[in-house]
Amino acid sequence: MRKSEKKFTEQNLFNIKKLFYDKLALNEPPTVTRSDTSFYPPVLYPSAQTKKSMNRRRKYRKAIYIPVTAALSLCLVTGAAASVGIIDLSSILHFLGADRIGILQPVHQVSEDQGIRMEVIGAVRDGDTTEIYVSLSDLTGHRIDDTLDVYDYRVTGGNANNAQIVHYDDANKTAIVRFLIQGKVSKNRITVQINTLMSGASRQDGYNVQVDWKQVLQEKQNNSYEILDQDRISGLGGKTDIQLETDPIPVLHQDVTNIPVEGIDWMHISNIGFVEGKLHIQINPNNEIGEYNHGYFYFTDEQGQKLDIPEYSVSYGHYMKDGVGYGGDYEEFVYDLSAVNELDKLRLQGSFTSISEVIQGNWKTTFNLSQNTLSKTGNIQLDARGGLQANVTLSSVGVTLRGEALSKIRVEDLSIEVHLKDGTKLSGASGFLQVDQDIIKWISPKTIPVNDVSYLLINGERVTLQDE
């Protein structure tokens, strides 16, 4: 960490103590851990994680405890720029339109740790969505690049969170990350905290998995298994109707095999076989980087064409390290091959993302952010059968859709037009984001003049609006 030229004062010590005791508080908001990706322009390396959705891969963060000595190394600085009043955000957020920048409140709060500088540049809250822009710069090396992933973070307020890199300045080695926090909150005090950053991600398909497929098929009816206790499960992903609270979840016995995947050095297949007619592939990441790397297996036919086979996965297990309990070191992929006629002709392959840099620290700032509560509401039916209905909220930032099972909708298939009273319109075939399994958000490229909006068209369906 770069040495500060400022004198260490009693106020500095007070701030450090406050940060440490805040860390120990029992009422901290839940930590969001991300490990999945979704495409959303203009994101360079987007990665979104919903906390409730069972249709996306979910992996819970392992425990991290910060000792007192680590807290003393934290440098929290209030940006001097914030004290001068109006700040020109356009020079920093030049990828946004001038009117879009106009609704942001300047913040300019800075936190430094591990030689990396985090600055909260500006933010806006439209009542149910908080949008925060944060810059991250490496002061000592080249650990920040266009593959940056804010893996472990928390933002106070709201019930769903999302963080995406939206701009990268190669000349200054600076990434700008946009945080979206969904949900109304009663306080104007916001805290942004980052615990883990990752970069250097590379993804590759087509890894060949050298398993004795003939033997696996011969032993199809003979594999023994165990039922997981609920407290051992740390994550569930994919498409499944499993109810965690009530349904038994069978998994293979651990570490029966040690099958390497050529080209992947951070994990191995620790067991493989059929349980109750479904194929289970169990992996065990075998070094520290395995906690952050991720991927999945898939099947192809003899011609190399990828097959669409129903699957889900479960993370589980416990172990101790340095006196701290951790969970989720095993991951088991489950495939329903009942619709495949010729199992012996299947080919097993893998798609994996490997991370080269993991940076753990404590970057934290707190600032005030007032609310812009101007909004209009409506309703829409998103399918012909009426099974998918959503409440619609329009604000200056964008449009929020709320409804049960909205995770069944592909955000890429949504389009929107905002029709103004003067006959003009704002439109977008992109910009939709799955914030939660029941929440979809469209972020407008321009500030929306809420009082001047006549109606919306979502996928061609008219939405009549009323004042909230």
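The following dialogue asks how terms are applied to this predicted model.

Trainee: What should I know about the model before we start?

Mentor: Local features in this predicted model need pLDDT of at least 70, and side-chain atom pairs count only at pLDDT 80 or more, whereas totals for chains, interfaces and linings use all residues. Residues are numbered from 1 along each chain as its sequence is written, and side-chain values use heavy atoms, with hydrogens and water left out.

Trainee: Why is Q193 called buried?

Mentor: Its relative accessible area is 2%. Buried means under 20%, exposed over 50%, and partly exposed in between, with a 1.4 Å probe and protein chains only. Q193 therefore counts as buried.

Trainee: Where does Q193 lie, and what stands opposite?

Mentor: Q193 lies in strand 9. Strands are DSSP runs of E with at least two residues, and helices are runs of H or I with at least four, numbered from the N terminus. R154 stands opposite Q193.

Trainee: How do you know that strand 6 and strand 9 pair?

Mentor: Pairing requires that DSSP finds at least two bridges between the strands. Strand 6 and strand 9 have six, in the antiparallel sense, so they pair. Strand 6 is also mostly covered, with seven of its seven residues buried.

Trainee: What makes the link between Q193 and N362 a polar contact?

Mentor: The side chains are joined at 3.2 Å. A polar contact is a pair of N or O atoms within 3.5 Å; within protein, one must be able to donate a hydrogen and the other to accept it, and residues adjacent in sequence count only if both atoms are side-chain atoms. The value of 3.2 Å is therefore within the cut-off.

Trainee: Which residues have the most contacts inside the largest nonpolar core?

Mentor: They are I132, L136, V150, F179, I194, L197 and F367, in a core of 28 residues. Such a core is a set of buried Ala, Val, Leu, Ile, Met, Phe, Trp, Tyr and Cys residues joined through side-chain atoms within 4.5 Å. Elements giving two or more residues to this core include strand 5 (129-138), strand 6 (149-155) and strand 9 (189-199). Another core, of 26 residues, lies apart from it, with V211, V216, L337 and L343 among them.

Trainee: What is L136 in contact with?

Mentor: Contact means heavy atoms within 4.5 Å. Leaving aside neighbours within four places in sequence, the partners of L136 include V150, I194 and L197.

Trainee: Why is the pair R117 and E119 called a salt bridge?

Mentor: The N to O distance is 2.9 Å. A salt bridge is a side-chain nitrogen of Lys or Arg within 4 Å of a carboxyl oxygen of Asp or Glu. The pair therefore qualifies. E112, R117 and E119 are linked in a network of salt bridges.

Trainee: Are R117 and E119 buried or partly exposed?

Mentor: R117 is partly exposed at 26%. E119 is buried at 12%.

Trainee: What about K425 and E417?

Mentor: Their closest N and O atoms are 3.4 Å apart, in a salt bridge. K425 is partly exposed at 46%, and E417 is partly exposed at 22%. The structure holds 10 salt bridges.

Trainee: How many bridges join strand 17 to strand 20?

Mentor: Seven, running antiparallel. In strand 20, L348 is the bridge partner of F299.
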